[in-house]
Amino acid sequence: MENSVHFGKMEMNEIQRLYFVMLYLKDFLPRFAPEFVQEIQHQFLRESNRSLHAISFLHTDVIQYLKKLNINFNSEEKLFGLAIDVVLYSKEGEEMVGAIEIHGYQHFLRNVEEMTGDSWLKHKLLTLMLGDMYFEIELVNWDLLAPGQSRLEFLTQLLKPYLDKYYPSANSEAQSTLN
């Protein structure tokens with residue numbers, strides 16, 4: 001077929017970049033060739049389903065503190081075709097309402113505080129899609145907090161828009177015990 005799109009042996013990170021760019025630009029460039037869009041999406045989903053995602057110690061630690069907040073969430077879930085660290089749900093669990101990305105060292109360029117291109121693009125996409133219900137936790141900030149109450153307070157403050165909207169009474173109680 002002369003009109004078909006072939007990507008050959010592209011690496012997963014190359015396919016991921018193409019997919020992120022396509023998602024980011026789709027509203028600005030509505031005339032992507034449909035076969036190009038379908039092929040990128042197909043390649044991305046096929047490859048992302050194959051790759052195993054390692055969960056970091058930071059991720060595991062954050063999850064333990066999120067459990068203490070008694071909120072409805074899932075760890076390591078696909079959303080919009082993207083691997084999301086934490087997906088937040090409404091109190092009833094019927095609707096996805098937000099996301100948390102946990103950024104360890106691999107999300108930043110070496111020796112600077114600048115995100116890698118993939119992480120930056122994912123940040124932009126999720127911010128556009130979720131607005132104030134998209135949250136980020138960076139290793140450098142998390143490590144500055146003492147384990148225990150200070151990390152719980154940090155999460156409560158970070159997730160305030162989510163907690164106020166979906167857990168208003170629980171958030172008031174949590175705030176009063178923190179003060």
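Which residues does L88 touch, not counting residues up to four places away in sequence?

**View 1. L88 and its neighbours in a predicted model.** L88 touches I71, N72, F73, E95, M96, V97, G98, A99, I100, F135, L159 and Y162; a contact here means heavy atoms within 4.5 Å. This is a predicted model, where local features need pLDDT of at least 70, side-chain atom pairs count only at pLDDT 80 or more, and totals for chains, interfaces and linings use all residues. Numbering starts from 1 along each chain as its sequence is written, and side-chain values use heavy atoms, with hydrogens and water left out.

**View 2. The largest nonpolar core.** This core has 25 residues, and L66, I71, V86, L88, I100, L159 and Y162 have the most contacts inside it. The term covers buried Ala, Val, Leu, Ile, Met, Phe, Trp, Tyr and Cys residues joined through side-chain atoms within 4.5 Å, buried being under 20% relative accessible area, exposed over 50% and partly exposed in between (1.4 Å probe, protein chains only).

**View 3. β2 and its two partners.** Seven of the eight residues in β2 are buried. Strands are DSSP runs of E, at least two residues, numbered from the N terminus, and two of them pair if DSSP finds at least two bridges between them. β2 runs antiparallel to β1, with six bridges, and E77 partners I84. With β3, β2 pairs antiparallel over four bridges; V86 stands opposite I100 there.

**View 4. The turn at F80.** Two residues separate β1 from β2 in their hairpin, and F80 in the turn has a positive phi of about 55°. F80 counts as partly exposed because its relative accessibility is 35%.
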